[in-house]
Amino acid sequence: MSLKHIETVFALVDCNNFYASCEKLFRPDLTDTPLVVLSNNDGCVVARSKEAKKLGVKMGVPLFQVRELMRQHGILAFSSNYALYADISQRVMSTLENLAPRVEVYSIDEAFLDLSGMQQLHNLTEFGVTVRQHIQKCVGITVCVGIAPSKTLAKLANHAAKTWQQTGGVVDLTSKTRQRKLLALLPVAEVWGIGSKLSKRLQQLGIDTALQLADTAPEFIRLHFSVVVERTVRELNGESCLALEEMAPTKQQIISSRAFGERITDKGQMAEAISEYISRACKKLRHEQQQAKQLTVFLRTSPFSDKDAPYSASKSVALERPSSDTRLFLAKALQLLDALWVNGYRYAKAGVMLADFYDPGVYQPGLFDEPRMQKGADDKLMQLMDTLNAKHCHTIWFASQGAKQEWSMKREMLSPAYTTNWQEIPKVR
DNA sequence: TCTGGGGTCCTAGGACCC
DNA sequence: TCTGGGGTCCTAGGACCC
(Lines give C-alpha, C1' and ligand atoms only; values in the text may rest on other atoms or scores of the structure.)
Protein backbone atom coordinates (compact mmCIF):
# COMPACT_ATOMS: atom_id res chain seq x y z
CA MET A 1 0.00 0.00 0.00
CA SER A 2 1.41 3.36 -1.00
CA LEU A 3 1.19 6.31 1.35
CA LYS A 4 2.25 8.78 -1.30
CA HIS A 5 -1.14 9.39 -2.75
CA ILE A 6 -3.78 9.81 -0.08
CA GLU A 7 -6.96 11.04 -1.66
CA THR A 8 -9.05 13.65 0.05
CA VAL A 9 -12.45 12.33 1.09
CA PHE A 10 -15.18 14.09 3.05
CA ALA A 11 -18.39 12.79 4.54
CA LEU A 12 -21.29 15.08 5.25
CA VAL A 13 -23.54 13.82 8.03
CA ASP A 14 -26.87 15.62 8.20
CA CYS A 15 -29.75 14.95 10.59
CA ASN A 16 -33.14 14.33 8.96
CA ASN A 17 -35.81 16.94 9.76
CA PHE A 18 -33.72 17.83 12.79
CA TYR A 19 -35.98 20.11 14.89
CA ALA A 20 -39.04 18.00 14.11
CA SER A 21 -37.15 14.82 15.05
CA CYS A 22 -36.04 16.39 18.34
CA GLU A 23 -39.65 17.16 19.21
CA LYS A 24 -40.59 13.54 18.52
CA LEU A 25 -37.70 12.07 20.46
CA PHE A 26 -39.47 12.26 23.83
CA ARG A 27 -42.96 11.78 22.44
CA PRO A 28 -43.21 8.22 21.11
CA ASP A 29 -46.96 8.79 20.83
CA LEU A 30 -46.20 11.22 17.98
CA THR A 31 -44.00 8.86 15.93
CA ASP A 32 -46.22 8.93 12.83
CA THR A 33 -47.91 12.27 13.49
CA PRO A 34 -47.26 15.12 11.06
CA LEU A 35 -45.73 18.07 12.92
CA VAL A 36 -43.93 21.33 12.25
CA VAL A 37 -41.62 23.57 14.25
CA LEU A 38 -42.11 27.35 14.12
CA SER A 39 -39.66 30.24 14.04
CA ASN A 40 -39.45 32.76 16.86
CA ASN A 41 -42.74 34.54 17.46
CA ASP A 42 -44.42 31.44 16.01
CA GLY A 43 -44.09 33.27 12.70
CA CYS A 44 -43.24 30.71 10.06
CA VAL A 45 -42.49 27.03 9.59
CA VAL A 46 -38.79 26.27 9.96
CA ALA A 47 -38.91 22.47 10.16
CA ARG A 48 -41.33 19.74 9.12
CA SER A 49 -41.57 16.06 9.94
CA LYS A 50 -41.65 13.79 6.90
CA GLU A 51 -45.42 13.36 7.27
CA ALA A 52 -45.91 17.15 7.23
CA LYS A 53 -43.72 17.42 4.12
CA LYS A 54 -45.84 14.81 2.40
CA LEU A 55 -48.99 16.79 3.19
CA GLY A 56 -47.52 19.75 1.33
CA VAL A 57 -46.40 22.14 4.09
CA LYS A 58 -43.60 24.16 2.47
CA MET A 59 -40.43 25.27 4.21
CA GLY A 60 -40.49 28.86 5.43
CA VAL A 61 -44.19 29.58 4.90
CA PRO A 62 -45.91 31.92 7.37
CA LEU A 63 -48.05 29.96 9.82
CA PHE A 64 -51.26 31.82 8.97
CA GLN A 65 -51.05 30.62 5.37
CA VAL A 66 -51.07 26.93 6.33
CA ARG A 67 -53.40 27.08 9.34
CA GLU A 68 -56.29 25.62 7.33
CA LEU A 69 -54.17 22.83 5.84
CA MET A 70 -52.87 21.96 9.30
CA ARG A 71 -56.34 21.87 10.77
CA GLN A 72 -57.61 19.59 7.99
CA HIS A 73 -54.86 17.04 8.49
CA GLY A 74 -54.29 17.37 12.22
CA ILE A 75 -50.72 18.66 11.81
CA LEU A 76 -49.25 19.73 15.17
CA ALA A 77 -47.18 22.87 15.64
CA PHE A 78 -44.39 23.45 18.16
CA SER A 79 -42.67 26.72 19.06
CA SER A 80 -38.92 26.41 18.56
CA ASN A 81 -37.12 25.07 21.61
CA TYR A 82 -33.47 25.83 20.94
CA ALA A 83 -32.26 24.66 24.33
CA LEU A 84 -33.53 21.18 23.46
CA TYR A 85 -32.14 21.17 19.90
CA ALA A 86 -28.72 22.39 21.03
CA ASP A 87 -28.51 19.62 23.59
CA ILE A 88 -29.47 16.86 21.15
CA SER A 89 -27.08 18.35 18.59
CA GLN A 90 -24.25 18.12 21.07
CA ARG A 91 -24.97 14.41 21.60
CA VAL A 92 -24.91 13.77 17.87
CA MET A 93 -21.61 15.63 17.47
CA SER A 94 -19.83 13.89 20.32
CA THR A 95 -20.96 10.54 18.94
CA LEU A 96 -19.43 11.50 15.59
CA GLU A 97 -16.20 12.51 17.28
CA ASN A 98 -15.91 8.96 18.56
CA LEU A 99 -16.28 7.57 15.05
CA ALA A 100 -13.95 9.80 13.04
CA PRO A 101 -10.65 11.46 13.89
CA ARG A 102 -11.44 14.88 12.41
CA VAL A 103 -14.87 16.49 12.64
CA GLU A 104 -16.08 19.93 11.64
CA VAL A 105 -19.36 20.90 13.25
CA TYR A 106 -20.85 22.88 10.40
CA SER A 107 -24.27 23.77 11.81
CA ILE A 108 -26.66 22.61 14.50
CA ASP A 109 -27.60 19.53 12.44
CA GLU A 110 -24.64 18.92 10.13
CA ALA A 111 -21.00 17.90 10.38
CA PHE A 112 -18.23 17.22 7.89
CA LEU A 113 -15.89 14.32 8.62
CA ASP A 114 -12.45 13.95 7.08
CA LEU A 115 -12.18 10.40 5.76
CA SER A 116 -8.97 10.94 3.78
CA GLY A 117 -6.92 7.79 3.55
CA MET A 118 -9.71 5.68 4.94
CA GLN A 119 -10.54 4.28 1.51
CA GLN A 120 -7.68 1.83 1.80
CA LEU A 121 -8.94 0.48 5.10
CA HIS A 122 -12.71 0.49 4.81
CA ASN A 123 -15.47 0.28 2.34
CA LEU A 124 -16.74 3.86 2.55
CA THR A 125 -20.40 2.94 2.14
CA GLU A 126 -20.11 0.47 4.99
CA PHE A 127 -18.53 3.17 7.11
CA GLY A 128 -21.47 5.46 6.34
CA VAL A 129 -23.91 2.76 7.35
CA THR A 130 -22.05 2.30 10.65
CA VAL A 131 -22.25 6.03 11.39
CA ARG A 132 -25.95 5.98 10.67
CA GLN A 133 -26.70 2.99 12.88
CA HIS A 134 -24.56 4.29 15.70
CA ILE A 135 -26.30 7.67 15.89
CA GLN A 136 -29.67 6.02 15.64
CA LYS A 137 -28.78 3.76 18.55
CA CYS A 138 -26.99 6.28 20.80
CA VAL A 139 -29.09 9.40 20.23
CA GLY A 140 -32.23 8.21 18.49
CA ILE A 141 -31.86 10.60 15.57
CA THR A 142 -31.80 9.51 11.91
CA VAL A 143 -29.00 10.91 9.75
CA CYS A 144 -28.01 10.68 6.09
CA VAL A 145 -24.41 10.41 4.95
CA GLY A 146 -22.89 11.73 1.70
CA ILE A 147 -19.31 10.81 0.82
CA ALA A 148 -17.19 12.56 -1.86
CA PRO A 149 -13.79 14.11 -2.66
CA SER A 150 -14.95 17.70 -2.00
CA LYS A 151 -17.36 19.32 0.44
CA THR A 152 -19.61 20.57 -2.34
CA LEU A 153 -19.90 17.06 -3.81
CA ALA A 154 -20.42 15.59 -0.33
CA LYS A 155 -23.35 17.98 0.09
CA LEU A 156 -24.84 16.70 -3.17
CA ALA A 157 -24.21 13.09 -2.19
CA ASN A 158 -26.06 13.79 1.04
CA HIS A 159 -28.90 15.35 -0.90
CA ALA A 160 -29.12 12.18 -3.00
CA ALA A 161 -29.12 10.02 0.13
CA LYS A 162 -32.03 12.05 1.48
CA THR A 163 -33.96 12.12 -1.79
CA TRP A 164 -33.79 8.46 -2.83
CA GLN A 165 -34.92 5.94 -0.25
CA GLN A 166 -33.28 3.03 -2.03
CA THR A 167 -29.84 4.48 -1.15
CA GLY A 168 -30.48 3.46 2.45
CA GLY A 169 -29.42 6.93 3.56
CA VAL A 170 -25.79 6.60 2.44
CA VAL A 171 -24.29 7.66 -0.90
CA ASP A 172 -20.63 7.17 -1.85
CA LEU A 173 -19.82 9.60 -4.64
CA THR A 174 -16.09 9.02 -4.93
CA SER A 175 -16.37 7.55 -8.43
CA LYS A 176 -16.21 10.05 -11.29
CA THR A 177 -18.93 8.28 -13.30
CA ARG A 178 -21.37 8.31 -10.42
CA GLN A 179 -20.60 12.00 -9.85
CA ARG A 180 -21.49 12.91 -13.42
CA LYS A 181 -24.61 10.78 -13.38
CA LEU A 182 -25.90 12.55 -10.28
CA LEU A 183 -24.88 16.05 -11.42
CA ALA A 184 -26.81 15.57 -14.65
CA LEU A 185 -29.99 14.92 -12.64
CA LEU A 186 -29.78 17.96 -10.38
CA PRO A 187 -30.82 21.53 -11.18
CA VAL A 188 -28.04 24.06 -10.65
CA ALA A 189 -29.96 25.68 -7.75
CA GLU A 190 -29.42 22.48 -5.76
CA VAL A 191 -25.67 23.14 -5.59
CA TRP A 192 -24.26 24.47 -2.29
CA GLY A 193 -23.47 28.16 -2.74
CA ILE A 194 -25.82 28.68 -5.68
CA GLY A 195 -28.84 30.56 -4.37
CA SER A 196 -31.85 31.94 -6.18
CA LYS A 197 -30.14 35.00 -7.69
CA LEU A 198 -27.13 33.13 -9.00
CA SER A 199 -29.16 30.28 -10.42
CA LYS A 200 -31.27 32.75 -12.38
CA ARG A 201 -28.20 34.40 -13.87
CA LEU A 202 -26.68 31.00 -14.66
CA GLN A 203 -29.84 29.86 -16.38
CA GLN A 204 -29.78 32.96 -18.57
CA LEU A 205 -26.42 31.69 -19.78
CA GLY A 206 -27.95 28.30 -20.56
CA ILE A 207 -26.57 26.60 -17.45
CA ASP A 208 -29.46 24.62 -15.98
CA THR A 209 -27.99 21.50 -14.40
CA ALA A 210 -25.22 20.97 -11.90
CA LEU A 211 -23.34 19.05 -14.60
CA GLN A 212 -23.47 21.99 -17.00
CA LEU A 213 -22.02 24.19 -14.28
CA ALA A 214 -19.28 21.63 -13.59
CA ASP A 215 -18.42 21.60 -17.31
CA THR A 216 -18.12 25.40 -17.62
CA ALA A 217 -14.58 26.80 -17.69
CA PRO A 218 -13.63 28.16 -14.22
CA GLU A 219 -12.00 31.20 -15.88
CA PHE A 220 -15.25 32.09 -17.60
CA ILE A 221 -17.13 31.81 -14.29
CA ARG A 222 -14.49 33.90 -12.53
CA LEU A 223 -14.92 36.62 -15.14
CA HIS A 224 -18.72 36.73 -15.06
CA PHE A 225 -19.34 35.90 -11.40
CA SER A 226 -16.79 35.73 -8.59
CA VAL A 227 -14.04 33.67 -7.04
CA VAL A 228 -16.67 32.02 -4.86
CA VAL A 229 -18.57 30.57 -7.80
CA GLU A 230 -15.30 29.63 -9.47
CA ARG A 231 -14.41 27.61 -6.40
CA THR A 232 -17.79 25.89 -6.59
CA VAL A 233 -17.08 24.82 -10.19
CA ARG A 234 -13.75 23.33 -9.16
CA GLU A 235 -15.32 21.56 -6.19
CA LEU A 236 -17.97 20.05 -8.50
CA ASN A 237 -15.11 18.55 -10.49
CA GLY A 238 -13.73 16.85 -7.42
CA GLU A 239 -11.00 19.39 -6.72
CA SER A 240 -11.19 20.12 -2.99
CA CYS A 241 -10.96 23.90 -2.41
CA LEU A 242 -12.69 24.10 0.97
CA ALA A 243 -10.74 22.52 3.80
CA LEU A 244 -12.08 20.89 6.93
CA GLU A 245 -12.18 23.47 9.73
CA GLU A 246 -12.07 21.72 13.06
CA MET A 247 -11.54 24.82 15.17
CA ALA A 248 -14.47 27.18 15.17
CA PRO A 249 -13.07 30.50 13.90
CA THR A 250 -13.49 33.41 16.31
CA LYS A 251 -16.63 35.42 15.69
CA GLN A 252 -16.44 38.75 13.93
CA GLN A 253 -19.78 40.09 15.01
CA ILE A 254 -22.56 39.36 17.45
CA ILE A 255 -26.14 40.22 16.62
CA SER A 256 -29.07 40.20 18.96
CA SER A 257 -32.40 41.05 17.40
CA ARG A 258 -36.00 39.93 17.47
CA ALA A 259 -39.28 40.71 15.85
CA PHE A 260 -41.69 41.83 18.58
CA GLY A 261 -44.66 39.77 19.69
CA GLU A 262 -46.70 42.95 19.32
CA ARG A 263 -45.80 46.17 17.50
CA ILE A 264 -44.06 48.80 19.58
CA THR A 265 -45.24 52.41 19.45
CA ASP A 266 -43.87 53.55 22.79
CA LYS A 267 -40.28 54.69 23.14
CA GLY A 268 -40.01 53.41 26.70
CA GLN A 269 -40.86 49.90 25.55
CA MET A 270 -38.36 50.18 22.73
CA ALA A 271 -35.70 51.19 25.26
CA GLU A 272 -36.54 48.05 27.26
CA ALA A 273 -36.18 45.86 24.20
CA ILE A 274 -32.87 47.45 23.16
CA SER A 275 -31.58 47.04 26.72
CA GLU A 276 -32.50 43.37 26.66
CA TYR A 277 -30.67 42.84 23.36
CA ILE A 278 -27.60 44.70 24.61
CA SER A 279 -27.57 42.55 27.70
CA ARG A 280 -27.74 39.34 25.64
CA ALA A 281 -25.16 40.47 23.11
CA CYS A 282 -22.67 41.52 25.80
CA LYS A 283 -23.15 38.23 27.60
CA LYS A 284 -22.33 36.37 24.38
CA LEU A 285 -19.33 38.64 23.90
CA ARG A 286 -17.97 37.79 27.36
CA HIS A 287 -18.64 34.13 26.69
CA GLU A 288 -16.45 34.44 23.58
CA GLN A 289 -13.86 36.12 25.82
CA GLN A 290 -13.74 39.06 23.49
CA GLN A 291 -14.16 42.81 23.68
CA ALA A 292 -15.87 44.95 21.06
CA LYS A 293 -15.30 48.49 19.96
CA GLN A 294 -18.24 49.06 17.64
CA LEU A 295 -21.95 49.14 18.36
CA THR A 296 -24.87 49.36 15.93
CA VAL A 297 -28.54 49.78 16.82
CA PHE A 298 -31.32 49.33 14.27
CA LEU A 299 -35.10 49.55 14.21
CA ARG A 300 -37.69 48.96 11.55
CA THR A 301 -41.37 48.66 10.80
CA SER A 302 -42.74 45.54 9.12
CA PRO A 303 -41.57 45.18 5.51
CA PHE A 304 -44.69 43.14 4.74
CA SER A 305 -47.35 45.58 5.78
CA ASP A 306 -48.67 47.87 3.06
CA LYS A 307 -50.82 50.02 5.28
CA ASP A 308 -48.10 50.95 7.78
CA ALA A 309 -45.68 53.67 6.74
CA PRO A 310 -42.25 52.07 6.26
CA TYR A 311 -39.29 53.17 8.33
CA SER A 312 -35.94 51.54 8.79
CA ALA A 313 -32.84 53.08 10.29
CA SER A 314 -29.55 52.14 11.88
CA LYS A 315 -26.70 54.00 13.51
CA SER A 316 -23.28 52.95 14.68
CA VAL A 317 -20.86 54.33 17.19
CA ALA A 318 -17.30 53.42 18.10
CA LEU A 319 -16.28 53.21 21.74
CA GLU A 320 -13.08 54.89 22.83
CA ARG A 321 -11.67 51.48 23.59
CA PRO A 322 -12.91 47.91 23.35
CA SER A 323 -15.06 46.66 26.20
CA SER A 324 -17.47 43.93 27.19
CA ASP A 325 -19.16 45.95 29.93
CA THR A 326 -22.92 45.82 29.54
CA ARG A 327 -23.36 49.21 31.25
CA LEU A 328 -21.12 50.99 28.77
CA PHE A 329 -22.92 49.56 25.74
CA LEU A 330 -26.27 50.18 27.38
CA ALA A 331 -25.56 53.90 27.76
CA LYS A 332 -24.34 54.20 24.16
CA ALA A 333 -27.27 52.19 22.80
CA LEU A 334 -29.83 54.39 24.50
CA GLN A 335 -28.12 57.46 23.00
CA LEU A 336 -28.33 55.86 19.56
CA LEU A 337 -31.99 55.10 20.16
CA ASP A 338 -32.59 58.80 20.91
CA ALA A 339 -31.15 59.62 17.51
CA LEU A 340 -33.08 56.88 15.69
CA TRP A 341 -36.48 57.07 17.32
CA VAL A 342 -39.28 58.77 15.38
CA ASN A 343 -42.73 58.96 16.92
CA GLY A 344 -45.74 57.60 15.07
CA TYR A 345 -44.41 54.40 13.52
CA ARG A 346 -45.48 50.89 14.47
CA TYR A 347 -42.12 49.20 15.00
CA ALA A 348 -41.96 45.47 14.23
CA LYS A 349 -38.33 44.65 14.93
CA ALA A 350 -35.14 46.03 16.43
CA GLY A 351 -31.70 44.79 17.25
CA VAL A 352 -28.13 45.53 18.18
CA MET A 353 -24.85 44.44 16.67
CA LEU A 354 -21.39 44.32 18.22
CA ALA A 355 -18.34 44.32 15.96
CA ASP A 356 -14.64 45.15 15.74
CA PHE A 357 -13.45 42.60 18.28
CA TYR A 358 -10.22 42.47 20.27
CA ASP A 359 -8.73 39.97 22.67
CA PRO A 360 -8.83 41.50 26.15
CA GLY A 361 -5.60 43.37 26.87
CA VAL A 362 -4.44 43.48 23.28
CA TYR A 363 -5.86 46.87 22.28
CA GLN A 364 -3.25 49.62 22.00
CA PRO A 365 -4.68 52.82 23.47
CA GLY A 366 -3.75 56.16 21.97
CA LEU A 367 -1.00 58.17 23.64
CA PHE A 368 -3.40 60.77 25.03
CA ASP A 369 -6.23 58.44 26.03
CA GLU A 370 -7.21 58.64 29.64
CA PRO A 371 -5.84 55.77 31.70
CA ARG A 372 -8.55 53.31 32.57
CA MET A 373 -10.05 53.76 35.99
CA GLN A 374 -10.45 50.88 38.49
CA LYS A 375 -9.00 48.29 36.21
CA GLY A 376 -10.58 44.89 36.73
CA ALA A 377 -13.49 46.00 38.89
CA ASP A 378 -15.99 46.12 36.00
CA ASP A 379 -14.96 42.72 34.75
CA LYS A 380 -15.60 41.25 38.16
CA LEU A 381 -19.08 42.71 38.37
CA MET A 382 -19.94 41.38 34.90
CA GLN A 383 -18.56 37.96 35.77
CA LEU A 384 -20.64 37.89 38.92
CA MET A 385 -23.75 38.74 36.93
CA ASP A 386 -23.08 36.02 34.40
CA THR A 387 -22.45 33.44 37.11
CA LEU A 388 -25.60 34.29 39.05
CA ASN A 389 -27.71 34.26 35.94
CA ALA A 390 -26.27 30.94 34.79
CA LYS A 391 -27.02 29.30 38.13
CA HIS A 392 -30.39 30.79 38.88
CA CYS A 393 -31.65 31.68 35.45
CA HIS A 394 -32.23 35.42 34.97
CA THR A 395 -31.91 36.46 38.62
CA ILE A 396 -30.50 39.93 38.15
CA TRP A 397 -30.83 42.36 35.29
CA PHE A 398 -30.57 46.04 34.56
CA ALA A 399 -33.62 48.10 35.41
CA SER A 400 -33.80 49.40 31.85
CA GLN A 401 -34.48 45.87 30.56
CA GLY A 402 -37.89 46.08 32.25
CA ALA A 403 -39.48 43.39 34.37
CA LYS A 404 -42.60 42.69 32.34
CA GLN A 405 -41.31 42.79 28.78
CA GLU A 406 -44.76 42.95 27.21
CA TRP A 407 -43.17 43.21 23.78
CA SER A 408 -41.30 39.93 24.04
CA MET A 409 -41.82 37.16 21.54
CA LYS A 410 -44.65 34.72 21.32
CA ARG A 411 -43.93 31.05 22.08
CA GLU A 412 -47.32 29.64 22.64
CA MET A 413 -46.67 26.04 21.67
CA LEU A 414 -43.45 25.29 23.47
CA SER A 415 -42.44 21.74 24.31
CA PRO A 416 -40.92 21.08 27.76
CA ALA A 417 -37.16 21.39 28.31
CA TYR A 418 -36.80 17.59 28.49
CA THR A 419 -33.05 17.45 28.72
CA THR A 420 -31.98 20.80 30.13
CA ASN A 421 -34.25 21.38 33.10
CA TRP A 422 -34.65 18.94 35.98
CA GLN A 423 -38.27 19.91 36.53
CA GLU A 424 -39.20 18.83 33.04
CA ILE A 425 -37.24 15.62 32.65
CA PRO A 426 -39.33 12.88 31.00
CA LYS A 427 -40.84 10.32 33.34
CA VAL A 428 -40.93 6.59 32.62
CA ARG A 429 -44.00 4.83 33.94
C1' DT B 1 -54.44 40.03 13.01
C1' DC B 2 -50.39 36.74 11.62
C1' DT B 3 -44.03 36.76 7.41
C1' DG B 4 -37.14 34.23 11.96
C1' DG B 5 -32.50 35.02 13.61
C1' DG B 6 -27.66 34.85 13.27
C1' DG B 7 -23.91 34.54 10.70
C1' DT B 8 -20.05 34.68 6.58
C1' DC B 9 -17.63 36.30 2.51
C1' DC B 10 -16.96 39.18 -1.58
C1' DT B 11 -17.19 43.35 -4.43
C1' DA B 12 -17.51 48.04 -5.80
C1' DG B 13 -16.60 52.58 -4.99
C1' DG B 14 -14.82 56.55 -2.51
C1' DA B 15 -11.17 58.70 0.25
C1' DC B 16 -6.67 59.20 0.83
C1' DC B 17 -1.69 58.61 0.26
C1' DC B 18 2.66 58.76 -2.20
C1' DT C 1 -3.07 71.28 -25.57
C1' DC C 2 -1.82 67.13 -23.08
C1' DT C 3 -3.32 66.76 -16.51
C1' DG C 4 -0.94 59.61 -13.33
C1' DG C 5 -1.50 55.50 -11.34
C1' DG C 6 -1.12 52.15 -7.97
C1' DG C 7 -1.94 50.80 -3.30
C1' DT C 8 -4.66 50.58 1.00
C1' DC C 9 -8.37 51.22 3.99
C1' DC C 10 -13.13 51.70 4.92
C1' DT C 11 -18.04 51.11 4.22
C1' DA C 12 -22.31 49.73 2.15
C1' DG C 13 -24.65 46.42 -0.08
C1' DG C 14 -25.44 41.98 -2.12
C1' DA C 15 -25.34 37.13 -2.07
C1' DC C 16 -25.16 33.00 0.30
C1' DC C 17 -25.81 29.53 4.27
C1' DC C 18 -28.51 26.96 8.07
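Start with two crossing helices: select helix 1 (residues 18-25) and helix 4 (residues 82-99) in this predicted model, whose axes come within 10 Å and cross at roughly 95°. Helix 1 and helix 4 are therefore roughly perpendicular to each other, a label that covers angles of 65 to 115 degrees. The axes are lines fitted to C-alpha atoms over the stretch in contact, and angles run from 0 to 180 degrees between N-to-C directions. Helices here are DSSP runs of H or I with at least four residues, strands are runs of E with at least two, and both are numbered from the N terminus.

Now show the side chains. Phe18, Tyr19, Cys22 and Leu25 of helix 1 meet Leu84, Tyr85 and Ile88 of helix 4; residues are in contact if their C-beta atoms, placed from the backbone, lie within 7 Å. This contact has 7 nonpolar residues, no polar and no charged ones. Nonpolar means Ala, Val, Leu, Ile, Met, Phe, Trp, Tyr, Cys or Pro; charged means Asp, Glu, Lys or Arg; the others, Gly among them, are polar.

Next, select DNA strand B. Of the 27 residues around DNA strand B, Ser39, Gly43, Pro62, Phe64 and Arg258 come nearest. "Near" asks for a C-beta atom, placed from the backbone, within 6 Å. Helix 11 (227-236), strand 9 (253-264) and strand 12 (347-358) each give two or more residues to this surface, and strand 9 gives the most, with 7 residues. By class, the surface near DNA strand B holds 10 nonpolar, 13 polar and 4 charged residues.

Move on to DNA strand C. Its surroundings include Ser107, Asp109, Trp192, Gly193 and Lys197. Helix 8 (residues 196-204) provides the largest share of this surface, 3 residues. The surface near DNA strand C divides into 4 nonpolar, 4 polar and 3 charged residues.

Finally, zoom out to chain A. Colour it by domain: domain 1 is 10-14 + 85-236, domain 2 is 16-81, and domain 3 is 253-363 + 376-401, with bounds from an automatic or database assignment. The centres of domain 1 and domain 3, taken over C-alpha atoms, are 37 Å apart. Chain A has 14 helices and 12 strands.

A note on labels and confidence: residues are numbered from 1 along each chain as its sequence is written, while chains are lettered from A and ligands numbered from 1 in the order in which they are written. In this predicted model, local features need pLDDT of at least 70 and side-chain atom pairs count only at pLDDT 80 or more, while totals for chains, interfaces and linings use all residues.

Methods:
Parallel < 35°, antiparallel > 145°, perpendicular 65-115°, else oblique. Contact = placed C-beta atoms within 7 Å.
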